[in-house]
Amino acid sequence: MIYMKIIGINTSPREGSNVRIALENALEASKAKGAETEIFDINKMNITACQGDNYCKSHEGKCAVDDDMQKIYKAIEEADGVILATPVYFFDVNAQAKLFIDRLYSYFQFPFVETYGTKKFAMIVSQGMEDPELFKGTLNKQVEAFGFLGFDVQGLTVVPDNNIPGAIKDKENQLAQVKAVGEKIVE
Ligand SMILES: Cc1cc2nc3c(=O)[nH]c(=O)nc-3n(C[C@H](O)[C@H](O)[C@H](O)COP(=O)(O)O)c2cc1C
C-alpha cells in the first residue's frame, strides 16, 4: 500500500455540519485505503483575508500574514491530496472557503509543483436546494483555481437538499458519493 497524506478543509461554521460529515466520510474512505488524514476547521482558526501585498511574489511563495494559514500551508506542502468541503452560501462557496482559496495566491507564479510535487484536489459541496446542478457553473470556477495552481483536479461533488444539520447521515446515496471521493483521491 502506498503511503499518502490527505488533508480536508472544512469551511462550514455550524454544529452538525453536513459538510463536515461529508468530509469525515470521504477521509474515512481514504484512511481505509491506508492514507493518513487530517481535518482543518477553517471557521475555528484565525485566518485572515489575503492582503494583496505581493510579498509572496518575492519570497518563494511564502505569505507574510502570520496567522493559522501558516499551519495549512505546511500541511498542503506535505500532503498528497486536498479535499475542500464547503456549503453553498448565496450561489457560491462560503466566505470561509474564499478566504482559504485567496490565500493560495502565494503559490501563484511560484514553481509549486516543482517544489512540493503534484497534489490531488477534490471539492465537496453541500447545499439546501434540491437540484445539484444549480450552482455548478460558479462552483466549478473555484475548482478551476486549483487546476490553475497546478493541482491534479479530481472533480466536484455536490450533495443537495441538506438544510437540516446532519441530514446527510440518512442519505446512503450521498454518503456513497463522498466516500468515492475519498477513495479516488488515494488511487
Ligand atoms: C448564509 C447562507 C446562505 C445560503 N445560500 C444558499 C444558496 O444560495 N443555495 C442553496 O442551495 N443553499 C444555501 N444555503 C443552505 C446551505 O448551503 C445548506 O444548508 C448546507 O447544507 C449547509 O451546510 P452545513 O450543514 O455543512 O453547514 C445557505 C445557507 C446560509 C446559512
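**A tour from the ligand to the cores**

Start at the ligand and select N162: one of its backbone N or O atoms lies 2.7 Å from an oxygen atom of the ligand. This is a predicted model, in which local features need pLDDT of at least 70, side-chain atom pairs count only at pLDDT 80 or more, and totals for chains, interfaces and linings use all residues. Residues are numbered from 1 along each chain as its sequence is written, and side-chain values use heavy atoms, leaving out hydrogens and water.

Next, pick F90, where a polar backbone atom is 2.9 Å from a nitrogen atom of the ligand. At G128, a polar backbone atom is 3.1 Å from a ligand nitrogen. Now show the whole shell (residues with a heavy atom within 4 Å of the ligand): 17 residues surround it, and the closest are S12, S17, V88, S126 and N162. Colour β3 too, as this strand (a DSSP run of E, at least two residues) gives the shell its largest share, 3 residues.

Then move to the largest nonpolar core, with 36 residues. Such a core joins buried (under 20% relative accessible area, 1.4 Å probe, protein chains only) Ala, Val, Leu, Ile, Met, Phe, Trp, Tyr and Cys residues through side-chain atoms within 4.5 Å. Select I9, I72, I76, F100, L104, M123 and L139, which have the most contacts inside this core. Which element gives the largest share of this core? That is α2, with 5 residues.

Zoom in on M123: leaving aside residues up to four places away in sequence, M123 touches (heavy atoms within 4.5 Å) several residues, including L84, L139 and L156. Finish at a second, separate core of 20 residues, among them A35, L175, V181 and I185.

How values were computed. Buried < 20%, exposed > 50% of the residue type's maximum accessible area, 1.4 Å probe, protein only. Helix = DSSP H or I, 4+ residues; strand = E, 2+ residues; numbered from the N terminus. Polar contact = N/O pair within 3.5 Å; in protein donor to acceptor, adjacent residues only side chain to side chain.
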